[in-house]
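Here's a quick briefing on the open spaces and the sulfur links in this one. Have the model open as you read.

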Amino acid sequence: MMRAMTIRFLPLTLLVACGSPGADALPEEAAAPLAVVVDADGWEGVPPPPDPLPKAFPPEPPGFGKVDRFVSHDEACFTVTHELVPYKWRGPVRMWCLHRSHSSSRNGTVTSRVDGSEIHDRDRPTAWRFWNRLVSRGVLDPYKCPYHAINRNLKHTANCVKLRRNWPFKDVELPEATKRQWALHPHDMERFGARGPHDNNGNAFNHIPGCWDPKQLERFDVGITVTVLASLKICERFGCKTKWDIKRCWGGKCGPV
């Protein structure tokens, strides 16, 4: 009887010995069961790959969501001014914001004849200047931020060449020197030209710093926030009683802000 009991319990003894921790024991997570995927016909397969990691560099500016908060110029001007501007300057800033909506895009949407974006074609010839200037000042960092980097192998498209050869804007001169410089600089620099509801250009990164895609200026919340922040800086430094006080200093005419 004793021999039979010994034989009967021998496997259990071996199992306990094999399961005891030792120098070659696998880490606890390695012993986790492998997930099995069964299709509609009952066949087992390899587990699907994990979801891709989120982008290391989201295109939105810091503090902005993935979706535009607003659906119109007016809604954005009134709301953002109320949120960011002290009461004493809200009137001038709000009126200047509405003025920019009309003068920049006629309260509508600008569509580029080059690529269908909201880049303002009349400002394409000098867009490269903003990128150069902002990189030299350290505002843009093409070495660390993929959105600030320029693809120098991207040639000017056929539509862009057509625009340069048949300049349609009678109110904006295109001297030969400017035309040559435009042709010589990478087409990709035009991303930093004026675009969106308030035709903000690369200078927007002075007001909303960080690694983000300039295409985001085509959103009401991003583009109009830039206008409000730039206006507020003018009011803080030079004072503003009406929108004309802001206009007088717009674009650095009174000095940097």
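**Disulfides and pockets at a glance**

Cys 145 is buried, at a relative accessible area of 4%. Keep in mind that this is a predicted model. Cys 145 has a bonded partner, Cys 211, and the S to S distance is 2.0 Å. That link is one of four disulfides found in a search of the whole structure.

**The Cys 145 to Cys 211 link**

- Which parts of the chain does this pair link? Cys 145 sits in the loop between H4 and helix H5 (158-165), while Cys 211 is in the loop between H7 and H8. The two are 66 residues apart, so this bond connects distant parts of the chain.
- The link of Cys 145 and Cys 211 is right-handed, with 80 degrees about the S-S bond.

- Cys 235 and Cys 240 form a disulfide with sulfur atoms 1.9 Å apart. Both of these cysteines are buried.
- Which hand does the Cys 235 and Cys 240 disulfide have? Its torsion about the S-S bond is about 105 degrees, so it is right-handed.
- Cys 249 is joined to Cys 254 by a disulfide, at 2.0 Å from S to S. Here the torsion is about -75 degrees, so this disulfide is left-handed.
- Cys 249 is buried at 2% relative accessibility, but Cys 254 is partly exposed, with a relative accessible area of 27%.
- Cys 160 is buried too, and its relative accessible area is 0%.
- Number the bonded cysteines in sequence order and the pairing reads 1-2, 3-4, 5-6, 7-8.

**The largest pocket**

- The largest pocket has a volume of about 820 Å³ and a lining of 31 residues.
- Which residues lie nearest its centre? They are Phe 130, Asn 201, Asn 203, Trp 250 and Gly 251.
- Helix H4 (127-136), helix H7 (204-207) and helix H8 (220-238) are the elements that give two or more residues to this lining. H8 gives the most, with four residues.
- By class, the lining of the largest pocket divides into twelve nonpolar, 13 polar and six charged residues.

**The second largest pocket**

- The second largest pocket comes in at about 180 Å³, and 14 residues line it.
- Closest to the centre of the second largest pocket are Asp 115, Ile 119, Asp 188, Arg 191 and Arg 195.
- How many charged residues does this lining have? There are eight charged residues, along with four nonpolar and two polar ones.

**The cavity**

- The count comes to one cavity of 30 Å³ or more. About 30 Å³ of space lies in the largest cavity.
- Which residues line the largest cavity? Look for Arg 124, Trp 128, Trp 182, His 185, Pro 186, Met 189 and Glu 190.
- By class, that lining has four nonpolar residues, one polar and two charged.

Key. Residues are numbered from 1 along each chain as its sequence is written. This is a predicted model: local features need pLDDT of at least 70, side-chain atom pairs count only at pLDDT 80 or more; totals for chains, interfaces and linings use all residues. Side-chain values use heavy atoms; hydrogens and water are left out. On a 1 Å grid over the protein atoms alone, a cavity is a set of points where a 1.4 Å probe fits but cannot get out, and a pocket is an open set with protein on both sides within 12 Å along at least five of seven lines; lining residues have an atom within 4 Å of a point. Grid points are joined across faces, edges and corners, and a volume is the space filled by probe spheres set on the points. Ala, Val, Leu, Ile, Met, Phe, Trp, Tyr, Cys and Pro count as nonpolar, Asp, Glu, Lys and Arg as charged, and the others, Gly among them, as polar. A disulfide is a pair of cysteine sulfur atoms within 2.5 Å. Buried means under 20% relative accessible area, exposed over 50%, partly exposed in between (1.4 Å probe, protein chains only).
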